[in-house]
Amino acid sequence: MGKEPDFMIHGIVKYTLGGQELWLTDTVISMAIISLSLIVLGLAAKKTMKKASEVPAGFQNLLEAGVEMLEKMGTGIMGGRGRCFFNYVGSVFLILLFCNLSGLAGLRPPTADFGTALFFGIATFGLVQYQGIKNRGVRHFSSLFQPIPLLFPINLIGELTAPISLSLRLFANLLSGVIIMGLWYGIMPLWANIGIPAVLHGYCDLFSGCIQAYVFCMLTMVYLQDKME
């Protein structure tokens, strides 16, 4: 049999700040590695586009294809007015994609920690509310009483639960993958850990990770589009 199933968040380094005991967890370390990787990727992309040719090839071709896909998806949902949000949506997609796929590199996906997923949900919620107030003014709040005032509690709950639903969907799907892989490696014999886990990683990390990053960004654009009308 394998080792005992392990899918918990672990403290790596303990330190004290302001009299409070804090831990540097594997989630923080994974996020630091992912952030560094994205910085390197951004610098490489900047260098590549500075030397861009009229006929794209290699890395330039990949970058331009990614931008075109983002613009096509964003324009289809938000229209031309939504172009100002493409940088935010694209950045969130890249971060979530790297976080969700980090399990393939042996890291614990940061999005399997609800604190990380909730941060992205709150960031999107704040942007959506700002856009609503910017475009509608007082009507952003008065719309909660429509079509009839009696629906105000329901409309308010629906508005406030948006960041929770966004973050829980992302968190639950990634955590389920971590649990499945932890159980497999923990209870299956050694011979079953050769080859077979690749299929599970393909679904839990690759397929589910890409889908959840896409769904999060798609819902973000849908919420923003709703506030632009």
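What follows is a short chat about this structure.

Q: Ground rules before we start?
A: This is a predicted model: local features need pLDDT of at least 70, side-chain atom pairs count only at pLDDT 80 or more, and totals for chains, interfaces and linings use all residues. Residues are numbered from 1 along each chain as its sequence is written, and side-chain values use heavy atoms, with hydrogens and water left out.

Q: Pockets, then. What volume does the largest pocket have?
A: About 940 Å³. A pocket is an open set of points on a 1 Å grid over the protein atoms alone, where a 1.4 Å probe fits, with protein on both sides within 12 Å along at least five of seven lines. Grid points are joined across faces, edges and corners, and the volume is the space filled by probe spheres set on the points.

Q: How many residues line the largest pocket, and which lie nearest its centre?
A: 27 residues line it, with Gly66, Val67, Gly90, Phe93 and Leu94 nearest the centre. A lining residue has an atom within 4 Å of a point.

Q: Which elements supply at least two residues of that lining?
A: H1, H2 (59-78), H3 (86-101) and H8 (196-228). The largest share, 10 residues, comes from H3. Helices are DSSP runs (H or I, at least four residues), numbered from the N terminus.

Q: Switching topic. How many salt bridges are there?
A: Four in the whole structure. The criterion is a side-chain nitrogen of Lys or Arg within 4 Å of a carboxyl oxygen of Asp or Glu.

Q: Glu159 and Lys227: what's the N to O distance?
A: 2.9 Å. Glu159 lies in H6 and Lys227 in H8, so the pair ties together parts 68 residues apart in sequence.

Q: Are those two buried or exposed?
A: Both Glu159 and Lys227 are buried. Buried means under 20% relative accessible area, exposed over 50%, and partly exposed in between (1.4 Å probe, protein chains only). Glu159, Asp226 and Lys227 are also linked in a network of salt bridges.

Q: What about Glu71, which residue does it pair with?
A: Arg83, with the closest N and O atoms 3.9 Å apart. Glu71 lies in H2 and Arg83 in the loop between H2 and H3, so the pair ties together parts 12 residues apart in sequence. Glu71 is partly exposed at 32%, and Arg83 is partly exposed at 46%.

Q: Which residues make the nonpolar surface patch?
A: Ile12, Val13, Ile29 and Ile33, over about 310 Å². Strand S1 (11-17) and helix H1 (26-50) each give two or more residues to the patch. Strands are DSSP runs too (E, at least two residues). Patch residues have over 30% relative accessible area and no salt bridge, and nonpolar side chains (Val, Leu, Ile, Met, Phe, Trp, Tyr) are joined within 5 Å. Areas come from the Shrake-Rupley method with a 1.4 Å probe.

Q: Last one. Where is the cis peptide bond?
A: From Gln146 to Pro147, with omega near 0°. Pro147 sits in the loop between H5 (139-142) and H6 (152-160).

Key: Patch = residues over 30% accessible without salt bridge, like charges linked within 9 Å, V, L, I, M, F, W, Y side chains within 5 Å.
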